[in-house]
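Hello,

Here is the structure we talked about, for you to open alongside this email. My notes follow it.

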Amino acid sequence: MTKKKVLVTGGAGFIGGNFVQYMVEKYPNYDIYNLDSLTYAGDLTKHRNIETIENYHFINADIANHDVIIPIFENYKFDYVIHFAAESHVDRSISDPGVFIHTNVLGTQVLLEASRQVGVTKFVHVSTDEVYGELDFDPTSYFTEDTPLQPNSPYSASKASSDLLVQAYHETYGLPINITRCSNNYGPYHFPEKLIPLTISRVLNNQNIPIYGDGKNVRDWLHVFDHCSAIDLVMHDGRNGEVYNIGGHNEKTNLEVVKTIVRSLGKSESLIEFVKDRLGHDKRYAIDPSKLAQLGWKPTYTFETGIAQTIQWYLDNKEWWEQIISGEYQSYFEKQYSI
Ligand code: NAD
Ligand code: DAU
């Protein structure tokens with residue numbers, strides 16, 4: 001029997017990287033192709049443990065380069081495309097939106113076109129709950145798959161645009177697709193520009209932690225391993241054309257998250273510093289994951305078990321995040337914050 005070929009775009013990044021590891025281990029009978037252009041967020045050292053494994057392959061390419069992507073698809077004839085590659089940081093989209101359109105919008109369209117031309121079995125588009133905009137603080141309100149798209153940042157607007165293109169390729173050309181919309185992830189190899197890894201790395205270095213505004217904005221946190229198992233399920237069992245929200249009912253204010261980390265590491269809350277708010281800062285995200293639960297998915301981590309695992313991972317893997325924060329990232333941080 002021929003092996004199934006699975007293309008994972010953005011597999012050198014945080015979630016795509018965890019997904020590549022998950023797939024290589026769980027499906028030795030599949031060939032896993034990690035396609036990534038290795039931007040500031042891409043890093044292959046996380047795959048040292050699998051780089052000699054027979055069913056793992058790496059392709060260095062920009063998803064928005066039509067002339068490169070089409071021949072790659074013609075050559076490999078992938079069965080599945082699991083599309084993670086993106087510019088993913090909201091703050092960077094506020095200071096430099098153009099690259100978000102290049103990768104998130106044009107890049108997705110190029111992949112859709114290539115997938116249509118070779119006739120893939122399924123295109124799974126990894127989107128985000130941010131396409132729904134924001135909720136108020138009423139704890140009984142949730143994003144469902146029927147919530148209208150109302151993105152507020154250049155990042156979420158670019159992701160919503162890509163979602164619409166995916167739906168258009170399904171309706172117009174009959175491309176088999178699923179769209180997943182997950183809440184905030186955390187876990188191993190999370191780039192230290194995002195709230196949780198930024199907080200852990202700064203606390204460990206006894207540096208101040210910048211909290212935007214009053215710290216009362218709410219995010220709904222999911223451990224990245226649970227996101228991986230959800231995508232595995234959608235990829236194999238998701239109904240063609242459907243959208244699935246992914247979340248584990250772990251709503252926390254940013255202040256609660258930061259205080260939990262500071263306390264777990266035995267440091268003082270005086271490290272917390274309130275700074276200027278993010279422009280257009282969404283108040284609250286909260287996912288209703290019941291549609292995916294009906295497909296048989298449930299998360300394995302609570303926020304408490306997940307954050308403990310994550311903090312321990314950052315303690316054990318200091319070399320990885322220290323190498324990142326000492327590079328280009330340092331000047332990004334200085335530009336972004338005045339602390
Ligand atoms: P990330 O920034 O950590 O990784 C993105 C990866 O994409 C990097 O390896 C980068 O090199 C690669 N990439 C960027 N531009 C590319 C291009 N033009 N061509 C090829 N590769 C390119 O992102 P992440 O946090 O792992 O997010 C992955 C996906 O999941 C994104 O689509 C994001 O919108 C979505 N998502 C993220 C979260 C979250 O909390 N991080 C939650 C829900 C959904
Ligand atoms: O909801 C899913 C989204 O979650 C993904 O689509 C995005 O790719 C991912 O980056 C994430 O977006 P957020 O903007 O919610 O994540 P971030 O870690 O940047 O911020 C989380 C919250 O913490 C947000 O309310 C802003 C706040 N924050 C963030 C940083 C970096 C701070 O208060 N201080 C900070 O320094």
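**Ligand 1**

A polar backbone atom of Asn 185 sits 2.9 Å from an oxygen atom of ligand 1. Please keep in mind that this is a predicted model.

In Tyr 155, a polar side-chain atom is 2.6 Å from an oxygen atom of the ligand. In Ser 88, an N or O atom of the side chain is 2.7 Å from an oxygen atom of ligand 1. On its own, ligand 1 has 840 Å² of accessible area, and the protein covers 95% of it.

The elements that give two or more residues to the shell around ligand 1 are helix 1 (14-26), strand 5 (122-128), helix 5 (154-173) and strand 7 (184-186). Strand 5 gives the most, with three residues. In total, 29 residues surround ligand 1, and the closest are Ile 15, Asp 36, Ser 88, Tyr 155 and Lys 159. Sorted by class, the shell has 13 nonpolar, 12 polar and four charged residues.

**Ligand 2**

Around ligand 2 there are 24 residues, of which Thr 128, Asp 129, Tyr 155, Arg 278 and His 281 come nearest.

Polar contacts to ligand 2 come from side chain and backbone. A polar side-chain atom of Thr 128 is 2.7 Å from an oxygen atom of the ligand. Ser 88 has a polar backbone atom 2.7 Å from an oxygen atom of ligand 2, and Leu 195 has a polar backbone atom 2.8 Å from an oxygen atom of ligand 2. Taken alone, ligand 2 exposes 690 Å², and the protein buries 94% of that.

Helix 6 (195-204) and strand 8 (209-212) are the elements that give two or more residues to this shell. Strand 8 has the largest share, three residues. By class, the shell around ligand 2 holds 10 nonpolar, eight polar and six charged residues.

**His 89**

His 89 lies in the loop between strand 4 (80-83) and helix 3. Is His 89 buried or exposed? Its relative accessibility is 4%, so His 89 counts as buried. Leaving out residues up to four places away in sequence, His 89 touches Tyr 40, Phe 100, Glu 193, Lys 194, Arg 278 and Tyr 332.

**Helix 12**

Tyr 332 belongs to helix 12 (residues 329-336), where the buried residues are Tyr 329, Tyr 332 and Phe 333. Viewed down the axis of helix 12, these residues fall within an arc of 95 degrees, so they line one face of the helix. The face turned away from the buried side carries the exposed residues Glu 334 and Lys 335. What do the buried residues of helix 12 pack against? They pack against helix 3 (90-95), helix 6, strand 8 and helix 11 (318-325).

**Helix 2**

Helix 2 (residues 66-76) has Ile 69, Ile 70, Ile 72 and Phe 73 buried. Around the axis they cover an arc of only 160 degrees, which puts them on the same side of helix 2. Asp 67 and Asn 75, on the other side of helix 2, are exposed. The cover over the buried residues of helix 2 includes strand 1 (4-9), strand 2 (30-36), strand 3 (56-60), strand 4 and helix 4 (98-118). After helix 2 comes Lys 77, whose phi is positive, near 50 degrees.

Regards

Technical notes. Residues numbered from 1 in each chain as written. Chains lettered and ligands numbered in written order. Predicted model: local features only at pLDDT ≥ 70, side-chain atom pairs only at ≥ 80, totals over all residues. Heavy atoms only, no water. Near = heavy atom within 4 Å. Polar contact = N/O pair within 3.5 Å; in protein donor to acceptor, adjacent residues only side chain to side chain. Areas by Shrake-Rupley, 256 points an atom, 1.4 Å probe, with all protein chains shown as cover. Helix = DSSP H or I, 4+ residues; strand = E, 2+ residues; numbered from the N terminus. Nonpolar A, V, L, I, M, F, W, Y, C, P; charged D, E, K, R; others polar. Buried < 20%, exposed > 50% of the residue type's maximum accessible area, 1.4 Å probe, protein only. Arc of directions from axis to C-beta. Contact = heavy atoms within 4.5 Å.
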